[in-house]
Amino acid sequence: MSNEGHSSAPGANMIVEHYCEHRHADGTGCKEWGGWGHSPSPAVPTRWWCFEHFPHKSYEQEQALRRKLAAEGGKIIQ
């Protein structure tokens, strides 16, 4: 893979990894990839969550997640 034609500005070609920001009751963090980001405005830094912990899911998305977890025999989220 070539880097030709890309920006040479400092930090322009950095890969930023976002992991889920959710904290469990015991204080440990979620180890999943945080692919669901949310920020109320450009002035506020983006917060990242995995889909299971994303707090801004629609009703339909929430129901689909519950069905998936139930089919896998996983925990039911409240």
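This is a predicted model: local features need pLDDT of at least 70, side-chain atom pairs count only at pLDDT 80 or more; totals for chains, interfaces and linings use all residues.
**Helix 1**

The face turned away from the buried side of helix 1 carries Tyr59, Glu60, Arg67 and Ala71, which are exposed. I then listed the buried residues of helix 1 and found Glu62, Leu65 and Leu69. These three cover an arc of only 65° around the axis, so they sit on the same side of helix 1. The general rule I had in mind is that an α-helix has 3.6 residues a turn, so residues three or four places apart point the same way.

I checked the length of helix 1 next. Helix 1 runs over residues 59-71, which makes 13 residues. At 1.5 Å a residue the helix should span 18 Å, and the end C-alpha atoms are 18 Å apart, so the two values agree. Just after helix 1, I noted Gly73 with a positive phi of about 75°.

**Salt bridges**

I counted 3 salt bridges. I looked up the accessibility of both partners. Arg47 is partly exposed at 43% relative accessibility, and Glu21 is partly exposed at 32%.

I then turned to Glu62, which I had already listed on the buried side of helix 1. Lys57 makes a salt bridge with Glu62, with the closest N and O atoms 3.8 Å apart. Arg66 also forms a salt bridge with Glu62, and here the closest N and O atoms are 3.8 Å apart. I recorded Lys57, Glu62 and Arg66 as a network of salt bridges. Both Arg66 and Glu62 lie in helix 1, 4 residues apart, or about one turn of the helix. Lys57 is buried, with a relative accessible area of 15%, whereas Arg66 is partly exposed at 27%.

**Cysteines and His53**

I looked for disulfides and found 0. Cys30 is in no disulfide, and the nearest cysteine sulfur, that of Cys50, lies 3.9 Å away. Cys50 is likewise in no disulfide; for Cys50 the nearest cysteine sulfur is that of Cys20, at 3.7 Å. Why do these distances give no disulfide? The cut-off is 2.5 Å between cysteine sulfur atoms, and the values are 3.9 Å for Cys30 and 3.7 Å for Cys50.

I checked how far these cysteines are covered. Cys30 is buried, with a relative accessible area of 11%. Cys50 counts as buried too, at 5% relative accessibility.

My next entry is His53, in the loop between strand 2 and helix 1. What does His53 touch, leaving aside residues up to four places away in sequence? I listed Cys20, His22, His24 and Cys30. His53 counts as buried at 18% relative accessibility, since the limit for buried is under 20%.

**Aromatic pairs**

I found 4 aromatic pairs in the structure. I noted Trp36 as partly exposed, with a relative accessible area of 35%. Phe51 is partly exposed as well, at 25%.

I then took up the pair of Trp36 and Phe54, which is also tilted, at 5.3 Å centre to centre and 45° between the planes. Trp36 in strand 1 and Phe54 in the loop between strand 2 and helix 1 are 18 residues apart, and this pair too links distant parts of the chain. Is Phe54 buried or exposed? Phe54 counts as buried, at 8% relative accessibility.

To finish, I looked up which residues group together. Trp36, Trp49, Phe51 and Phe54 form one aromatic cluster.

How values were computed
Residues are numbered from 1 along each chain as its sequence is written. Side-chain values use heavy atoms; hydrogens and water are left out. Buried means under 20% relative accessible area, exposed over 50%, partly exposed in between (1.4 Å probe, protein chains only). Helices (H or I, at least four residues) and strands (E, at least two) are DSSP runs, numbered from the N terminus. The expected span of a helix is 1.5 Å times one less than its number of residues. The arc is that of the directions from the helix axis to the C-beta atoms. A salt bridge is a side-chain nitrogen of Lys or Arg within 4 Å of a carboxyl oxygen of Asp or Glu. Contact means heavy atoms within 4.5 Å. Rings of Phe, Tyr and Trp (its six-membered ring) pair if their centres lie within 6.5 Å; planes under 30 degrees apart count as stacked, over 60 as edge-to-face and the rest as tilted.
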